[in-house]
Amino acid sequence: ELLWTFQFRTDQYGYETSWKLELQRNGEWETITSGPPTDQKYHDDTVYMGTTCLKGGQMYKLTVMDAYKDGFCCSFGRGY
């Protein structure tokens, strides 16, 4: 297994941010973890970090989404 670390900073509209980590199985993408937690939203201009163990030799895909589709930087904060 490998330790995977994911860090991001929300912009001034943290509630617009979400993400998902997917694993490819039999040619299909399956969500294995995502955020924010159910019934919660991310705070504005805040750094978040998480870690999890992933099996090596697998194909993963990380997708970070901005609900308003205006991105994380730079007009509305310094998100990354």
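Is Lys 61 buried, partly exposed or exposed? With a relative accessible area of 33%, Lys 61 is partly exposed. The model described here is predicted.

**Salt bridges**

Lys 61 takes part in a salt bridge with Glu 22, and the N to O distance is 3.8 Å. This pair links distant parts of the chain, since Glu 22 lies in strand β2 and Lys 61 in strand β5 (residues 60-66), 39 residues apart. Glu 22 also meets Lys 20 in a salt bridge, at 3.9 Å from N to O.

Glu 22 has 7% relative accessibility, and because buried means under 20%, Glu 22 counts as buried. Lys 20, with a relative accessible area of 28%, is partly exposed.

Another salt bridge joins Glu 30 and Arg 25, whose closest N and O atoms are 3.3 Å apart. Glu 30 is partly exposed at 35% relative accessibility, and Arg 25 is also partly exposed, at 42%. Over the whole structure, a search finds four salt bridges. The table gives some of them.

| Glu 22 | Lys 20 | 3.9 Å |

As a general point, side chains of opposite charge can pair when their charged atoms come close.

**The nonpolar core**

The largest nonpolar core has seven residues: Phe 6, Phe 8, Trp 19, Leu 21, Tyr 42, Tyr 48 and Leu 54. Strands β1, β2 and β4 each supply at least two residues of this core.

Leu 54, one of the core residues, touches Glu 1, Leu 2, Trp 4, Leu 21, Ile 32 and Tyr 60, leaving aside residues up to four places away in sequence. Leu 21 in that list is a core residue too.

**The largest pocket**

The largest pocket holds about 210 Å³ of space. Its lining consists of 15 residues, and the closest to the pocket centre are Trp 4, Trp 19, Thr 33, Gly 50 and Thr 51. Two or more lining residues come from each of β1 (2-9), β2 (17-25), β3 (28-35) and β4 (47-54). Which element gives the most to this lining? It is β4, with seven residues.

By type, the lining residues of the largest pocket divide into eleven nonpolar and four polar, with no charged residue. Trp 19 belongs both to the residues closest to the pocket centre and to the largest nonpolar core.

Methods: Residues numbered from 1 in each chain as written. Predicted model: local features only at pLDDT ≥ 70, side-chain atom pairs only at ≥ 80, totals over all residues. Heavy atoms only, no water. 1 Å grid on protein atoms, 1.4 Å probe; cavity = no way out; pocket = protein on both sides within 12 Å on 5 of 7 lines; lining within 4 Å. Points joined across faces, edges and corners; volume = space filled by probe spheres on them. Helix = DSSP H or I, 4+ residues; strand = E, 2+ residues; numbered from the N terminus. Nonpolar A, V, L, I, M, F, W, Y, C, P; charged D, E, K, R; others polar. Core = buried A, V, L, I, M, F, W, Y, C linked by side-chain atoms within 4.5 Å. Buried < 20%, exposed > 50% of the residue type's maximum accessible area, 1.4 Å probe, protein only. Contact = heavy atoms within 4.5 Å. Salt bridge = Lys/Arg side-chain N within 4 Å of Asp/Glu carboxyl O.
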